[in-house]
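Keep the structure open beside the text as you read.

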Amino acid sequence: MTVFLSTLNQTAFLFAFIAIGFFLAKTKQIPENSATVLSKLENLLFIPALVGGTFMKDFTVERLSSMWKLLLVSSIILAVVVLLVLLIVKLLSKDKYIQNIYTYGLCFSNFGFMGNAVVSALFPDIFTEYIVFTLPLWILIYLWGVPSLLMSDSQMTIRQKLKNFLNPMFIGMILGMVIGLTKVSLPAWITSVVTVSGSCMSPVAMLLTGITVSQINFKKTFTNVGIYAVSVIRLLVLPLLFVLIARFIPMSETAYICAVCSLSMPLGLNTIVIPAAYGKDTSVPAGMALISHFLSCVTIPLLFMIIG
């Protein structure tokens, strides 16, 4: 129960920002383009600063030598999840577009915004390892998830897909790795800028989530059975299945925690943002984000209570 209450306290803190963002947007206290502005701040500044700052401080030769194990575990788990999901989604919907949305949501949780916030709050000592653990997820998102599932652009060349990796988060990570390994001494004001900017990631990400879900048609959302099914699979079935299987497979405690964290996060926001940019209906993905984030306030503490 102590673990449950401790985790609940942290998730309640984060969800308070979701409620604040929701309230501000619903009462029109903020401009209509607030979600766009906050999203750009997250992707251009706060996330790169958090990732880069973490690697600057914690990335060492000793940690580098064990990174391949995290990447291996992550890749194996991802492959199994993708295969399971491709079978499951055919039972949930016959519509190809909805199948793609379900597939993306189940394969890739909100391990970025939400996952970074939860891990940095609950397990700050292994945040570097968590970032490394999620690299295979990012790679598959850029090579398959976004172009094939959300954009439905099967004609995109490999070269075009690889260009997606030239983004601020990956650049910040590489710079952080170089600085961390070489132990370059930076001026105090630069370190402070990076640290403070990184600290903004979690609250701004939660505010952005609240603003995004405030635009949802609640009646349409709460009557869609498929949304509940996908949310339960994402929040409980997949992580609990991993916990069960992991009992029979030797792995480090760090890899185990990273896996549970990435698997137990709610459905992500990319399923809303990217289809919306192409004029597609976002009522289902928006509902998925709302329901799964609401339920995760309880399921995340529950899962960590189960694994102790």
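Helices, as named here, are DSSP runs of H or I with at least four residues, numbered from the N terminus. Please bear in mind that this is a predicted model.

## The largest cavity

The largest cavity holds about 110 Å³ of space. Two elements, helix H4 (67-92) and helix H15 (253-264), each give two or more residues to its lining. Which of the elements gives the largest share of that lining? H4 does, with four residues.

In total, 13 residues line the largest cavity, and those nearest its centre are Ile-77, Cys-107, Leu-137, Ser-262 and Leu-263. By class, the lining of the largest cavity has nine nonpolar residues, three polar ones and one charged one.

## The second cavity

The second largest cavity has about 40 Å³ of space. Its lining is made by Phe-111, Gly-112, Asn-116, Ile-131, Thr-134, Trp-138 and Met-169. Four of these lining residues are nonpolar and three are polar, with no charged residue in the set. Keep Phe-111 and Trp-138 in mind, as both line this cavity and both return in the section on rings.

## The largest pocket

Now for the open space. How much space lies in the largest pocket? The volume there is about 1,100 Å³. Its lining counts 43 residues, and Ser-39, Leu-269, Asn-270, Val-273 and Ile-274 are the closest to the centre. Of the lining residues, 25 are nonpolar, 17 are polar and one is charged.

H2 gives the most, with seven residues.

## The nonpolar core

The largest nonpolar core has 90 residues. Within this core, the residues that touch the most other members are Phe-55, Ile-77, Phe-108, Ile-141, Met-173, Phe-242 and Met-288. One of them, Ile-77, is also among the residues nearest the centre of the largest cavity.

What does Met-173 touch, once residues up to four places away in sequence are set aside? Its partners are Val-51, Phe-55, Ile-131 and Leu-135.

## Aromatic pairs

The structure holds eight aromatic pairs. One of them joins Phe-108 and Trp-144 in an edge-to-face arrangement, with 6.3 Å centre to centre and 65° between the planes. Phe-108 sits in the loop between helix H5 (96-107) and helix H6 (113-122), whereas Trp-144 belongs to helix H8 (residues 135-150), so the pair ties together parts that are 36 residues apart in sequence. The relative accessible area of Phe-108 is 1%, so Phe-108 is buried. Trp-144, at 22% relative accessibility, counts as partly exposed.

A stacked pair is formed by Trp-138 and Tyr-142, at 6.1 Å centre to centre and 25° between the planes. Both lie in helix H8, and because they are four residues apart, about one helical turn separates them. Trp-138 counts as buried at 18% relative accessibility, and Tyr-142 counts as buried at 15%. Ring pairs also link Trp-138 and Tyr-142 with Phe-111 and Phe-170 into a cluster.

## Two residues to look at

Is Glu-129 buried or exposed? Glu-129 has a relative accessible area of 10%, and buried means under 20%, so this residue is buried. Its place is in helix H7 (residues 127-133). Apart from neighbours within four places in sequence, Glu-129 is in contact with Arg-63, Leu-70, Thr-254 and Cys-258.

Thr-195 belongs to helix H11 (residues 188-199). With 47% relative accessibility, Thr-195 counts as partly exposed. The C-alpha atom of Thr-195 is separated by 8.7 Å from that of Thr-54, a residue 141 places apart from it along the chain.

Terms used. Residues are numbered from 1 along each chain as its sequence is written. This is a predicted model: local features need pLDDT of at least 70, side-chain atom pairs count only at pLDDT 80 or more; totals for chains, interfaces and linings use all residues. Side-chain values use heavy atoms; hydrogens and water are left out. A nonpolar core is a set of buried Ala, Val, Leu, Ile, Met, Phe, Trp, Tyr and Cys residues joined through side-chain atoms within 4.5 Å. Buried means under 20% relative accessible area, exposed over 50%, partly exposed in between (1.4 Å probe, protein chains only). Contact means heavy atoms within 4.5 Å. On a 1 Å grid over the protein atoms alone, a cavity is a set of points where a 1.4 Å probe fits but cannot get out, and a pocket is an open set with protein on both sides within 12 Å along at least five of seven lines; lining residues have an atom within 4 Å of a point. Grid points are joined across faces, edges and corners, and a volume is the space filled by probe spheres set on the points. Ala, Val, Leu, Ile, Met, Phe, Trp, Tyr, Cys and Pro count as nonpolar, Asp, Glu, Lys and Arg as charged, and the others, Gly among them, as polar. Rings of Phe, Tyr and Trp (its six-membered ring) pair if their centres lie within 6.5 Å; planes under 30 degrees apart count as stacked, over 60 as edge-to-face and the rest as tilted.
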